[in-house]
Amino acid sequence: MLYEKVKKLCAAKQLSLKDLAIHLEISAATISRWKSDSSPNAAQLLKLANYFNVSVDYLLDRTDIPNCNVYDDEDIISIQRAKANMSDSDTQRMMEILKLAFKNEFKDKGSD
């Protein structure tokens, strides 16, 4: 997952994985290992995000928006804290209200 995203980001910059390793000051073998059995550490993730000007959340598939951090916005944090203390029915009502307020953003990708 992350490895494929890194490959795509490199391709968009016409950059080889070896060149990326040089820029990040890590070995090419380290990047290769992300393909199967390891993940970058926190410092490497931050370097990757900064280098490509994307969020760590994007690299970790927490969002599809490259420059959006899931936890950037204080309002989002407040909603998440409130949701953690809500009953299931209150959570459902909150989501219905949010969907009404932001109906275009909640549309299914295949529907009109």
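The model is predicted.

**Stop 1: helix α2**

Select residues 17–24, which form α2. Now colour L20, A21 and L24, the buried residues of this helix. Look down the axis. These residues span an arc of only 100 degrees, so they sit on the same side of α2.

Turn to the face away from the buried side. Select K18 and I22; both are exposed there.

**Stop 2: what covers α2**

Go back to the buried residues of α2. Show α1 (2–12), α3 (28–33) and α4 (42–52), which are among the elements covering them.

Then step just past the end of α2. Select E25 and check its backbone: phi is positive, at about 60 degrees.

**Stop 3: the aromatic pair**

How many aromatic pairs are there? The count is 1. Select Y51 and F52. Their ring centres are 5.1 Å apart and their planes meet at 85 degrees, so the pair is edge-to-face.

Is F52 buried or exposed? F52 has 9% relative accessibility, and the cut-off for buried is under 20%, so F52 counts as buried. Y51 has 24% relative accessibility, so Y51 counts as partly exposed.

**Stop 4: lysines over rings**

K13 lies over the face of Y51, 4.4 Å from the ring centre.

Last, select K5 and Y58. K5 lies over the face of Y58, at 3.9 Å from the ring centre.

Conventions: Residues numbered from 1 in each chain as written. Predicted model: local features only at pLDDT ≥ 70, side-chain atom pairs only at ≥ 80, totals over all residues. Heavy atoms only, no water. Buried < 20%, exposed > 50% of the residue type's maximum accessible area, 1.4 Å probe, protein only. Helix = DSSP H or I, 4+ residues; strand = E, 2+ residues; numbered from the N terminus. Arc of directions from axis to C-beta. Contact = heavy atoms within 4.5 Å. Phe/Tyr/Trp six-rings, centres within 6.5 Å; stacked < 30°, edge-to-face > 60°. Lys NZ or Arg CZ within 6 Å of the ring centre and 35° of its normal.
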